[in-house]
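Student: I am new to this structure and would like a close look at a single part of it. Please show me the sequence and the model first.

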Amino acid sequence: MNGKTLPDGSRDFDFLMGEWRIRNRKRKNYWTDEAEWEEFEASMAAHPLPGGIGNYDSFESPGWRPGFTGMSLRVYSPVTRLWSIYWLSNRDGGLDPQTGSLLPPVVGSFIDGVGIFEGDDELEGHAIRVRYTWTQSGPGSASWQQAFSRDGGQSWATNWRMDMQRVKAAVEV
């Protein structure tokens with residue numbers, strides 16, 4: 001990064017701790033230019049992991065997919081000063097079916113209040129690049145979006161947006 005040292009970003013996700021109400025907009029078909037989106041409400045609760053190593057959240061949307069539960073696991077490396085974000089769900093566990101290991105994360109950091117995290121993945125037999133973008137809009141609001149690239153990151157198609165409103169802040173321990 002131009003010879004500069006990355007700042008310690010271990011507290012970059014502190015704004016997310018607590019309970020949230022989420023308005024979701026998710027593209028129905030990832031591979032077409034159609035602008036057909038489904039909209040649904042969800043809830044999320046984010047909690048720190050011990051020792052400042054990261055955090056996790058739970059995501060539920062009974063009106064969208066009854067019984068579906070998702071979870072993000074975010075782990076911070078003080079050595080690289082980067083975050084690794086893993087997505088897990090009760091559909092596939094977030095695990096590679098061959099090895100039983102966690103699927104590869106998206107990796108990145110925050111710069112000027114915007115977090116960009118990218119990684120390689122596969123969807124429906126296609127190699128893709130995935131990008132998560134996190135933005136804190138204020139003390140009681142945040143946004144997240146996911147985009148896919150089928151050309152190695154030359155172009156991106158946003159396919160999921162979340163606008164979050166805080167319901168309850170985390171209790172300081």
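Student: Which backbone oxygen lies 2.5 Å from a polar atom of the side chain of Ser61? Please take a close look at Ser61 and its surroundings.

Tutor: The backbone oxygen of Glu41 is the atom that lies 2.5 Å from a polar atom of the Ser61 side chain. A polar contact is a pair of N or O atoms within 3.5 Å; within protein, one must be able to donate a hydrogen and the other to accept it, and residues adjacent in sequence count only if both atoms are side-chain atoms.

Some notes on how to read the values come next. The model is predicted, so local features need pLDDT of at least 70 and side-chain atom pairs count only at pLDDT 80 or more, while totals for chains, interfaces and linings use all residues. Residues are numbered from 1 along each chain as its sequence is written, and side-chain values use heavy atoms, with hydrogens and water left out.

Ser61 sits in the loop between strand 3 (54–60) and strand 4 (69–77). Strands (E, at least two residues) and helices (H or I, at least four) are DSSP runs, numbered from the N terminus. Ser61 has a relative accessible area of 1%, so it is buried. Buried means under 20% relative accessible area, exposed means over 50%, and partly exposed is in between, with a 1.4 Å probe and protein chains only. Not counting residues up to four places away in sequence, Ser61 touches Phe40, Glu41, Ala42, Pro66 and Phe68; contact means heavy atoms within 4.5 Å.

Along its principal axes the C-alpha trace spans about 40 × 40 × 35 Å. Buried residues make up 38% of the 173 residues. Of the contacts with a separation of 6 or more, 38% are between residues 24 or more positions apart.

Several other buried residues can be looked at in the same way. Leu16 lies in the segment before strand 1 (18–27) and, at 0% relative accessibility, counts as buried. Leaving aside neighbours within four places in sequence, Leu16 is in contact with Met44, Ala46, Arg74, Trp134 and Met164. The C-alpha atoms of Leu16 and Pro139 are separated by 9.4 Å, although these residues are 123 residues apart along the chain.

Met162 belongs to strand 10 (residues 157–169) and is buried at 8% relative accessible area. Beyond four places in sequence, Met162 touches residues including Ile22, Asn24, Phe59 and Ser143. Arg25 is 137 residues from Met162 along the chain, yet their C-alpha atoms are separated by 6.5 Å.

Ser143, touched by Met162, lies in strand 9 (residues 141–149). Among its contacts, with neighbours within four places left aside, are Thr133, Trp134 and Asp163. Between Ser143 and Asn24 there are 10.0 Å, C-alpha to C-alpha, and 119 residues in sequence. Thr133 is in strand 8 (residues 126–138) and counts as buried at 12% relative accessibility. Besides Ser143, the contacts of Thr133 include Val114, Ile116 and Trp144, again leaving aside neighbours within four places.

Arg81, in the loop between strand 4 and strand 5 (82–89), is partly exposed at 30% relative accessible area. Glu124, in the loop between strand 7 (114–123) and strand 8, counts as exposed at 58%. Most residues other than glycine have a negative phi. Arg81 has a positive phi of about 60 degrees although it is not a glycine, and Glu124, also not a glycine, has a positive phi of about 50 degrees.
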